[in-house]
Amino acid sequence: MTDENSEQIRLDFPVTKKIVYMNNGAIAPTPLVTIKTMTDFMLKCAEEGPDSSSTAEYITSLLGELKLRVSHLIGCEPEEVVLVQSTTDGINLVANGIEWKKGDSIVVRGGRHEHYANYLPWLRLSQTRGVALKELDIDGNGMFDMGQLEKMTKGSRLVAMSHALYNTGAIMPVEQVGRIARENNLLFFVDAAQTAGTIKIDVKKIGCHFMAFPGFKWLCGPTGIGIFYCSKEASELLTPPSIGGESATLSSTGILAYMDMPARLQTGFRNYPGAAGLEASIRYVLRLGLDNIRSRNMKVANTLHDELAKIPGITMHGPDDPDQRTSIVTFTSSADSSSMVKKLESNNIVLAERDIGKGKKGVRAAPHFFNSQQEALQVASQVKSLI
Ligand SMILES: Cc1ncc(COP(=O)(O)O)c(C=O)c1O
């Protein structure tokens, strides 16, 4: 990304004119082209009728395009892409879709250090279905020991893990975990909420059976739509938790049959404006290129990280090696995190407070490709003035 097209990118995100927005690990803003695409879709429905044959044809081709783009984004087949509402939705499709047997066990990474969306569904199974939950020990950055993982996988049924952590930004060695899962016949679920749209993903290299992520974080899409990847080989292992006219058929003799993937897992999906928006956003992200996005994000994140680290009284969290983390930059200081976030916001800087484990909270900055080096310096200087 050159300086010239950085300027163009900033124009595509009106938020950059008003504030320093670095809360992209929660919800990222949408580029103008996404807003225009959604508006055009709504106008088409208003002018041609929301269920006329021309709109229906358009929707069919739109959903096809969206699945194709997702397949390019994560390296899968379009038929393996299920449209859902959120990451949480995708996780629950797995947690509630597998026919668990007494004595089954699930491996997770230091439970409470995971985002609760990727912990509570597994915890509930352990409390209601007699499934054992094995929790990997973790260090301060959230990393675990491969030897312990190898041991825990023996005889287990599934391992569930974030691709990168929402609190420290640490990138997990998912390809190694995938290899261990395959060798030990485990299913592997990856929560890619903090990676889709910010680092390259290849589900075949990772070797996971399932993955979920939202449209509205690093992909800069609208809220209310997310993606669930379900590999062909594992789709039959999931009993769809819901059933309806769009996911199953009923024969004249009363036989119920699920439709083929992805329809069997996609009951009554109607968020077409969201699909139009997400398709436009993914097209935008893919045009910029994931390698360019990664290198741009890390430049800004590294500047911010290094400037914050110089401030007396600040403790940085997350791996020191930038190759082992995303652009998430988390710190604690003598100042209370919540009031720090509020004060920054009153100075037009939007960051977030997040749990960093053991009941502690930190301040999280999550810069994306429309943020600049100058903004990183501005954030560090404001933080310094608040300590
Ligand atoms: C790692 C991780 N998993 C899951 C979620 C929940 O995502 P969603 O709102 O799409 O369900 C988040 C949200 O911040 C997250 O960071």
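The centres of domain 1 and domain 2, taken over C-alpha atoms, are separated by 28 Å. Domain 1 comprises 3–22 + 290–385 and domain 2 comprises 37–287, with bounds that come from an automatic or database domain assignment. The model is a predicted one, in which local features need pLDDT of at least 70 and side-chain atom pairs count only at pLDDT 80 or more, while totals for chains, interfaces and linings use all residues. Residues are numbered from 1 along each chain as its sequence is written.

Across the boundary, 20 residues of domain 1 are in contact with 16 residues of domain 2, a contact being a pair of residues whose C-beta atoms, placed from the backbone, lie within 7 Å. On the side of domain 1 that touches domain 2, the elements giving two or more residues are H12 and S14; helices (H or I, at least four residues) and strands (E, at least two) are DSSP runs, numbered from the N terminus. H12 gives the most to that side, with 5 residues.

An open sheet of 4 strands has the order S11-S12-S15-S14, with antiparallel pairing, where two strands pair if DSSP finds at least two bridges between them. Strand S11 (315–317) and strand S14 (352–357) stand at the edges with a single partner strand each, so one side of each is left without a neighbour in the sheet. Neighbouring strands of this sheet are turned by 40 degrees against each other on average, direction ignored. Within the sheet, Val-329 stands opposite Ala-365 in S15.

| Helix | Lies across | Angle |
|---|---|---|
| H12 (residues 290–309) | S11, S12 and S15 | about 15 degrees to S12 |
| H13 (residues 337–346) | S12, S14 and S15 | about 25 degrees to S15 |

Strand S3 (residues 105–109) is mostly covered, with 4 of its 5 residues buried, that is, with 20 or more other C-beta atoms within 10 Å of their own, C-beta atoms being placed from the backbone. S3 pairs in the parallel sense with strand S4 (residues 132–136) over 5 bridges, and the bridge partner of Ile-106 in S4 is Leu-133. S3 is also joined by 3 bridges to strand S5 (residues 158–162), again in parallel, and there Ile-106 stands opposite Leu-158.

Note on methods
Buried ≥ 20, exposed ≤ 12 C-beta atoms within 10 Å, placed from the backbone. Axes fitted to C-alpha atoms, helices over the stretch in contact; angles between N-to-C directions. Contact = placed C-beta atoms within 7 Å.
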